[in-house]
Amino acid sequence: MTYSEKMLDQLQKGDLDAARHTFRAALDHDSDDMLFSLGEELYGLGFLRQSRRVYLKLLERYPDEDELRTNLATIAIDEGHNDEALSYLAQVKPGSPAYLEALLVAADLYQTEGELEVTEAKLKEAAGLAPDEPAVQFALAEFYFLVGRFDEAIDYYFQLIRNGYTAFAKVDIAGRLGMCYAQSGQFKQALGYLQQVKPEYRTSDIRFQTGLTQLHLGQVEDAITTLRDLIHDDDQYASAYPALADAYSAQRNYPQALRAIQEGLGVDQYNERFYSQAAEIVSHLGDQQLMEKYLKRAHELDPDNLTIILQYSNFLLHQHNDSANIKLLAPLIKEDEVDPQVYWNLARSYQRTDQLELADKYYHAAANNYQDNPTFLKELIGFDREMGKTSEMLAELHRYLALVPTDAEMQDLLDEYEEY
């Protein structure tokens with residue numbers, strides 16, 4: 001048994017002190033081929049510092065062996081030493097047998113730094129050198145999957161399948177195709193591939209996406225089964241709970257939906273979206289006190305979230321708590337861009353609290369964005385009528401009746417004013 005083999009055996013047994021001594025002997029006495037294999041094994045086991053020492057020793061003996069440089073660059077990236085990695089990669093020239101691998105390692109480095117255009121350029125150069133190389137096809141597929149360019153990712157995953165790969169680097173290709181099709185809204189194709197994923201690759205992510213896809217396809221019972229089974233096996237997978245709540249809501253089973261989202265809050269009690277969804281579910285159950293509790297908590301957790309602010313505002317309007325609604329929304333008016341719903345909701349509260357100048361200001365601030373909204377126009381007509389703004393009201397009446405010509409009450413109002 002070589003020292004390298006003995007060291008790996010000691011590591012497997014957990015005898016780290018003995019392995020440390022044996023490692024020194026391996027560096028001094030084992031063959032170069034054995035040391036290269038040891039470096040690979042140590043890297044795979046996560047002993048990066050020791051793997052690096054092996055490759056550096058070999059590089060001293062074989063300064064022209066660029067594969068050692070790419071391996072050292074990979075270790076440097078894993079350790080967060082990107083400048084060191086770039087230094088090694090810069091020494092690998094286009095004519096080198098290791099240049100293709102160097103391009104893939106460089107792409108990985110630039111991706112970690114968020115330089116996605118450079119990443120793509122490196123991968124495209126690699127594809128130009130070796131278009132049929134599975135490692136290149138996989139790297140491109142994974143890159144496009146990461147950046148959300150799913151159609152391009154699908155093309156490269158299919159190239160792998162045509163090359164006979166159903167899995168690569170411990171990634172199931174059918175699962176990736178299913179995820180890509182789902183993210184691009186092609187749910188039938190997605191479900192077909194997701195259901196082909198082998199049991200050993202059916203991760204929580206795959207199972208979750210399967211449940212979501214079934215829900216999108218209207219297979220609600222199947223979605224419930226999939227998501228409940230996922231939660232049973234991985235009860236810390238927080239995203240499964242709101243999806244399960246959505247499935248129950250689709251059946252109008254709101255008590256069960258509330259139970260699901262409340263279980264999710266037990267897993268992630270600081271997720272404002274969970275509280276927002278819980279409030280929406282409770283709105284169907286008529287528990288106004290609980291609804292307000294959830295909305296307040298959602299707003300506390302993310303006070304700048306406009307979706308939650310408007311959800312809370314709509315609740316306050318429904319409760320006729322206009323002072324609280326004004327206090328909630330008024331600070332938003334100072335922002336550069338204001339959602340027109342903010343203006344509309346403020347106008348309602350100012351009107352109901354007899355602050356008519358402010359109501360007039362915000363109704364008309366919202367008006368340009370709601371010219372095709374019959375509900376808004378009808379409110380605005382009533383307000384302008386109250387304010388005696390006859391010409392504006394008549395213009396709004398004509399616009400409203402173009403959208404809702406069957407509203408006899410509003411037609412009578414128009415006729416009355418035009419006759420007058």
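Helices are taken as DSSP runs of H or I with at least four residues, numbered from the N terminus, and their axes are lines fitted to C-alpha atoms over the stretch in contact, with angles running from 0 to 180 degrees between N-to-C directions. The structure is a predicted model, in which local features need pLDDT of at least 70 and side-chain atom pairs count only at pLDDT 80 or more, while totals for chains, interfaces and linings use all residues. Residues are numbered from 1 along each chain as its sequence is written, and side-chain values use heavy atoms, with hydrogens and water left out.

The axes of α9 and α10 are 8 Å apart and meet at an angle of about 155 degrees. The two helices are therefore roughly antiparallel to each other (angles under 35 degrees count as roughly parallel, over 145 as roughly antiparallel, 65 to 115 as roughly perpendicular and the rest as oblique). The crossing of α9 with α10 is left-handed, a term used if the near helix is turned anticlockwise from the far one by less than a right angle, with right-handed used if clockwise. On the α9 side, the contact (heavy atoms within 4.5 Å) involves Pro134, Gln137, Phe138, Leu140, Ala141, Glu142, Tyr144 and Phe145. Their counterparts in α10 are Phe150, Glu152, Ala153, Tyr156, Tyr157, Gln159 and Leu160. By class, this contact comprises 11 nonpolar, 2 polar and 2 charged residues; Ala, Val, Leu, Ile, Met, Phe, Trp, Tyr, Cys and Pro count as nonpolar, Asp, Glu, Lys and Arg as charged, and the others, Gly among them, as polar.

Helix α15 (residues 240–250) packs against helix α16 (residues 254–267) at an angle of about 175 degrees, with an axis separation of 8 Å. This angle makes α15 roughly antiparallel to α16. Residues Tyr241, Pro242, Leu244, Ala245, Tyr248 and Ser249 of α15 meet Tyr254, Gln256, Ala257, Ala260, Ile261, Glu263, Gly264 and Val267 of α16. The contact of α15 with α16 contains 10 nonpolar, 3 polar and 1 charged residues.

For helix α11 (residues 173–183) and helix α13 (residues 204–216), the angle is about 40 degrees and the axes lie 10 Å apart. That places α11 oblique to α13, and the crossing of the two is left-handed. Gly175, Met179, Ala182 and Gln183 of α11 make the contact with Asp205, Ile206, Gln209 and Thr213 of α13. These residues divide into 3 nonpolar, 4 polar and 1 charged.

Aromatic pairs were assigned to rings of Phe, Tyr and Trp (its six-membered ring) with centres within 6.5 Å; planes under 30 degrees apart count as stacked, over 60 as edge-to-face and the rest as tilted. By this rule, 17 aromatic pairs are counted. Tyr144 and Tyr156 form a stacked pair, with 6.0 Å centre to centre and 20 degrees between the planes. Tyr144 belongs to helix α9 (residues 134–147) and Tyr156 to helix α10 (residues 150–162), so the pair ties together parts that are 12 residues apart in sequence. Both tyrosines, Tyr144 and Tyr156, are buried (under 20% relative accessible area, with exposed over 50% and partly exposed in between, for a 1.4 Å probe and protein chains only).

An edge-to-face pair is formed by Trp344 and Phe376, at 5.0 Å centre to centre and 85 degrees between the planes. Trp344 in helix α21 (residues 340–352) and Phe376 in helix α23 (residues 374–387) are 32 residues apart, and the pair thus links distant parts of the chain. Both Trp344 and Phe376 are buried. Ring pairs also join Trp344, Tyr363, Tyr370, Phe376 and Phe383 into a cluster.

Individual residues were then considered. Ser349, in helix α21, is buried at 0% relative accessibility. Not counting residues up to four places away in sequence, Ser349 touches Leu317, Asp322, Asn325 and Ile326. Glu120 is found in helix α8 (residues 116–129) and, leaving aside neighbours within four places in sequence, is in contact with Phe143, Tyr144 and Arg149.

Positive phi values in residues other than glycine include that of His320, near 60 degrees. His320 is in the loop between α19 (306–318) and α20 (322–329) and is exposed, with a relative accessible area of 55%. Phi of Asp354 is likewise positive and near 60 degrees. Asp354 lies in the loop between α21 and α22 (356–367) and counts as exposed at 62% relative accessibility.
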